Amino acid sequence: MIIKKSQIFNFHLNFIYLISFSLILMPFFLISGPFLPDLTVVICAIFAIYLFFKSGKSLFDIHPYLFIFFIWCIYLIIISLSSIYPYKSLESSLFYFRFGLFACCIYYVINNYENFLKYFTISILISFLILFIDGILQFYLGFNSIGMLKPSSRVSSFFGEELKLGSYIARLSPLLFGLIIFLYGGTIKKIGFYLIILLIIVNILTFISGERAAFLYIVFLDLFLIFFIKSINIYLRKNYLLITSFVILISLSLGSSPFQRMFKQTMDNFNSNDQFFIFSESHHNIYMSAIEIYKEKIYFGIGPKNYRNYCVHDKYSQYFEFNQGECFSHPHNNYLQILLETGIFSFIFFIIIFGLFIYYFLKNSFAYFFSNSLSYVKEYKLLLFLSIFISLFPFIPTSNFFNNWISVIYFLPVGFYFAIKES
């Protein structure tokens, strides 16, 4: 069979359309569960490898940090192979590099398809509105539009028992606001009212989700928009009292459960029976168990995603009496997990990266704040920085660092940052 060049070209073009369409639908894929997002990441990774082999360019031309990332991925594989549970560890580490390639694929799509950003923005907006309507319905009725019951006092919408609604909204919100400013900055005065409505929706939805970490991230976003984003901060400052009053009134009408969890329960968790705990008794004991396990392998760690294989041992059972002796799948803090599972060298590397990022983030934020210029591109970059900062923030409980779903969330804004960096 003879394949014509035109057929190859059409196949190439169709494959690119498929990739672009899949990325545009990523906000909905993330709601559906882990399978579709991870499938999209794998396809994007294959596409990125194909593109760079075809062009003859190096992946590191996109950003030099990619070289460090891929070296770290090789390191993960080596420590997984040397761990006591290599097969379990390799499940997460062997192909972790695909997330870096996923960011490269986003970079390529953005720089080659001018309407991608517009359609992706619309996709996030629609997903937020659907979740808001469904979440409010679930809060009042106890079940959502497809009959999924509300888990206790917390709203989860289509995420069901996984309780990821707040995390989804809080982590994608800086990217969404950044895209809106980048694409429609010149019409801020016309769309200012809608931005306020969107900010109210984001705050309320995160609040009723009962996810305290996510709510803190939204507070970061609120303050950042007010103090650093010039295109809308004057407008927001004038109306912030109105926004705050409206959110409080709506929240009060939703009942006392969100307030109880966000404020009273949070304070009670820190200090129970005159004993201080890190976040809560359960978090405190998980962290203490992780530190004890870490002492077994200080330099190179126990291997990615291996906490669950160690904490079941009897010598750590004392830390899980509050949970009927059952331990958890991860240490509930990214930096503690990096220290425990990948060792002190990897941990120091992450601390350095976080420190450099904070320096660069604050330097650019304050430089823009004190400048007399207005730049929608710079504001877009700053909000991308905020999105990445939320992922890097160390002083809060987190999901499993090596979880596929959360890894997609972590690397999504990185691809957008790679693309905008050229501007």
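Lys315 is exposed, with a relative accessible area of 53% (exposed is over 50%, buried under 20% and partly exposed in between, using a 1.4 Å probe and protein chains only). Lys315 also forms a salt bridge with Glu296, their closest N and O atoms being 3.2 Å apart. This is a predicted model, where local features need pLDDT of at least 70 and side-chain atom pairs count only at pLDDT 80 or more, while totals for chains, interfaces and linings use all residues. Residues are numbered from 1 along each chain as its sequence is written, and side-chain values use heavy atoms, leaving out hydrogens and water.

**Salt bridges**

- The count comes to 4 salt bridges, each being a side-chain nitrogen of Lys or Arg within 4 Å of a carboxyl oxygen of Asp or Glu.
- Lys315 sits in the loop between α14 and α15 and Glu296 in the loop between α13 (281-294) and α14, so their link ties together parts that are 19 residues apart in sequence (helices are DSSP runs of H or I, at least four residues, numbered from the N terminus).
- Glu296 is partly exposed, at 35% relative accessibility.
- Another salt bridge pairs Glu292 with Lys295 at 3.0 Å, N to O; Glu292 is partly exposed at 30%, and Lys295 is exposed at 51%.
- Asp38 and Arg98 meet in a salt bridge as well, at 3.1 Å, N to O.
- Asp38 belongs to helix α3 (residues 35-55) and Arg98 to helix α6 (residues 98-112), so this pair ties together parts that are 60 residues apart in sequence.
- Both Asp38 and Arg98 are buried.

**Cysteines**

- There is 1 disulfide, meaning a pair of cysteine sulfur atoms within 2.5 Å.
- Cys311 and Cys327 form this link, with an S to S distance of 2.1 Å, and it is right-handed, with 55° about the S-S bond.
- Cys311 and Cys327 both lie in the loop between α14 (307-310) and α15 (334-370), so the bond ties together parts that are 16 residues apart in sequence.
- Cys311 is buried, at 3% relative accessibility.
- The sulfur of Cys44 is 3.4 Å from its closest cysteine sulfur, in Cys105, which is too far for a bond.
- Cys44 is buried at 0% relative accessibility, and Cys105 is buried at 1%.

**Around Ser123**

- Ser123 lies in helix α7 (residues 116-141) and is buried, with a relative accessible area of 5%.
- The side chain of Ser123 reaches the backbone oxygen of Ile24 at 2.6 Å.
- Leaving aside residues up to four places away in sequence, Ser123 touches Ile24, Leu25, Pro27 and Phe28 (contact means heavy atoms within 4.5 Å).

Key. Helices (H or I, at least four residues) and strands (E, at least two) are DSSP runs, numbered from the N terminus. A polar contact is a pair of N or O atoms within 3.5 Å; within protein, one must be able to donate a hydrogen and the other to accept it, and residues adjacent in sequence count only if both atoms are side-chain atoms.
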